[in-house]
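The following explanation leads the reader through a protein structure step by step. Please keep the sequence and the model in view while reading.

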Amino acid sequence: MKRSRLPLLVTVLVLIFFYLPIIVLIVNSFNDSRFGGTWEGFSLRWYARLVSEREIWSALENTLIVGIAATAVSTVLGTMAAFALHRYASTLQKAHYMLIYTPLVVPEVLMGMSLLLLFVAAGMSLGLVTIFLAHVTFCISYVAMVVLGRLQDFDFSIVEAARDLGAGWWTTTWRVLLPLLAPGILAGALLAFTLSVDDFVISFFVAGPGSTTLPIRIYSMIKHGSPPLINALSTVLLVVTFTLLFITQHLVEERRK
Amino acid sequence: MIAEEPLSTKMNHKLRSSLPEILVTLPSLGWLTVFFVVPGVIVLAIAFKPAGAYGGIDDGWTWETIRSLGNPAYPSIVWRTVWLSAVTTLACILLATPTGYYVARSPLRQRRWLLLAVIVPFWTSFLIRIFAWKVLLHPDGILKRTLVALNLLAPETSLLYSSGAVLLVMVYTFLPFAVLPIFAAAEKFDFRLTEAARDLGATPFQAFRRVFLPGIRTGILTAVLVVFIPALGSYVIPDLVGGPGAEMIGNKIAQRTFVDRNLPHASALSACLMLAVLAPLLVLLFAPVRFRNRDKTGDGL
């Protein structure tokens, strides 16, 4: 039976659609031209200028501080939330589930705006701390959902076996449950870190002077800066992302073998 | 005496299990109450407060801000927000369904790489992807030059700063979100069903529409919601590639917050957006019950 070629065609078009802008951007980052409309020869000068931009480096530092702190806190809170949701079936957990679920679908503008009002009402000065608090808030739900997904496939008879063999609650949790769930928790943490490092909208609302993160810096460069410099910065970030994804994918394949 | 023992252990068990439950629930519940529920309530409250001078908020309560949303400029922005989001959703579903189908039907090894190809844009920076389009659509950009050279476009037409540009970049941004749930549903679909339909005389299109599409409807529903709801709240895309004529609610909220320093007004608009989101959200809140029941039987998402 002959299959229709239409799905293949659409898939190819979608992939071209996905990658064409990214490829043009990468090619242009090596273009000597200031405006990037025409090819004026290969050049690395935008990369050289990138290294000397002090504001980018301090923004990167802020991004990593917030990203690591928010990932650590939201991974702990999200994992605990997933345990609670999976283990208990009470009215409390129904409310808990709704509270975890809703932030996933609330537009970022709303979350940014409402957190800004909270911080203003509480008289807090805006800065890295408020960005950190905001990031933990939206990361908890993602971590909880990823870990909950793994818990649903988890074979709890192993835990019961450990208990039957005399392990206490603490030992079972630390020596049996957490090590077995580590890949799921790690996946949740990775997602939280990516979301935190990439977040612009919410950070933009709750950032103060001196707490510019990399996405906020990139945004102001897009608005006012020179395009070739953003091309170079974007290429560096894309290479980092591709490498990380490739390694993750490779590890997954290794584990399957 | 013998009958008493199980009862007391049961009660003990109940007491023991409720304290750990509270201990393990409280951190996330407390955090989200303080940083998610309370801010939402503050937004609703401030929408009814009068705006003070110098970006402050005055005492007392007023309907003034809500009433000013009737100002002719707003309905047109709300309307544009809704239609841009709806068309984006439609385009994403139309592109994601054949793609999800193709990826799900391809051999395992190829499938893994195709899936990775779809996920990569999903993990790359959102701002960078918008910027890439800004460069492509720029008057000196490659796309404009090519189209003019092919006589498909008049040299004076602007690709950037229009509702069309906003639409294009929104589809680009949200498409991976649509492909993933549709692929997840298609991967679980039993393709012997479409083959049976073909054997019974259905055309490929009939088999696709009458058997495959109903089979993956939960995936399509998820895709609609994960595209439509964030699309309603779009702010960066219209800000960077749309002009003054392509503003959405998100832009007005940001403008009222950062430029005019009118927090009550920004809150009223946020409340408006919240209501717009709440409508499809209600569907979603009822849907997970079905998804979760399906999960238990092993064929859910």
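**From one chain to the interface**

Of the 301 residues that make up chain B, 47% count as buried. The structure is a predicted model, and every value below was computed from it. The secondary structure of chain B consists of 13 helices and 0 strands. Read from the N terminus, the order of its elements is therefore α-α-α-α-α-α-α-α-α-α-α-α-α.

How many residues of chain A are in contact with how many residues of chain B? The numbers are 82 residues of chain A and 83 residues of chain B. The size of an interface is often given as the accessible area lost when the parts come together. For chain A and chain B this buried area is about 7,800 Å², and 80% of it lies on carbon and sulfur atoms. Within chain A, the residues that lose the most area to chain B are Phe17(A), Phe18(A) and Leu99(A), which together account for 8% of what that side buries.

The polar side of the interface can be described as well. Between chain A and chain B there are 11 residue pairs in polar contact, counting pairs in which both residues have pLDDT 80 or more. On the side of chain A that touches chain B, helix α1 (residues 6–28) of chain A contributes the most, with 14 residues. Sorted by class, that side of chain A holds 60 nonpolar, 16 polar and 6 charged residues. The interface of the two chains contains 1 salt bridge. Its partners are Lys223(A) and Asp239(B), whose closest N and O atoms are 3.3 Å apart.

The next subject is the interior. In soluble globular proteins, nonpolar side chains tend to be buried together. In this model, the largest nonpolar core has 153 residues, and the members that touch the most others are Leu115(A) and Val236(B). Helix α7 (residues 163–188) of chain B supplies the largest share of this core, 14 residues. Which residues does Leu115(A) contact, leaving aside its neighbours within four places in sequence? They are Ala134(A), Ile202(A) and Val206(A) in chain A, together with Phe35(B) and Pro39(B) in chain B.

**Salt bridges within chain B**

Side chains of opposite charge can pair when their charged atoms come close. Over all chains, the whole structure has 7 salt bridges. One of them joins Arg105(B) and Glu195(B), with a distance of 3.3 Å from N to O. Arg105(B) belongs to helix α3 (residues 73–105) of chain B and Glu195(B) to helix α8 (residues 192–199) of chain B, so this pair links distant parts of the chain, 90 residues apart. Glu195(B) has a relative accessible area of 36% and is therefore partly exposed.

A further salt bridge connects Arg111(B) with Glu187(B), at 3.1 Å from N to O. Because Arg111(B) lies in helix α4 (residues 108–123) of chain B and Glu187(B) in helix α7 of chain B, the pair ties together parts that are 76 residues apart in sequence. Are the two partners buried or partly exposed? Arg111(B) counts as buried because its relative accessibility is 16%, under the limit of 20%. Glu187(B), at 40% relative accessibility, counts as partly exposed.

Ser106(B) counts as buried because its relative accessibility is 4%.

The last stop concerns Arg256(B) and Asp260(B), which form a salt bridge with their closest N and O atoms 2.3 Å apart. Arg256(B) has 13% relative accessibility and so counts as buried, whereas Asp260(B), at 36%, counts as partly exposed. Arg261(B) is placed in the loop between α12 (249–259) and α13 (263–297) of chain B. The phi angle of Arg261(B) is near 55°, a positive value in a residue other than glycine. With a relative accessibility of 46%, Arg261(B) counts as partly exposed.

Notes:
Residues numbered from 1 in each chain as written. Chains lettered and ligands numbered in written order. Predicted model: local features only at pLDDT ≥ 70, side-chain atom pairs only at ≥ 80, totals over all residues. Heavy atoms only, no water. Contact = heavy atoms within 4.5 Å. Buried area = accessible area lost by both parts, 1.4 Å probe. Salt bridge = Lys/Arg side-chain N within 4 Å of Asp/Glu carboxyl O. Polar contact = N/O pair within 3.5 Å; in protein donor to acceptor, adjacent residues only side chain to side chain. Helix = DSSP H or I, 4+ residues; strand = E, 2+ residues; numbered from the N terminus. Nonpolar A, V, L, I, M, F, W, Y, C, P; charged D, E, K, R; others polar. Core = buried A, V, L, I, M, F, W, Y, C linked by side-chain atoms within 4.5 Å. Buried < 20%, exposed > 50% of the residue type's maximum accessible area, 1.4 Å probe, protein only.
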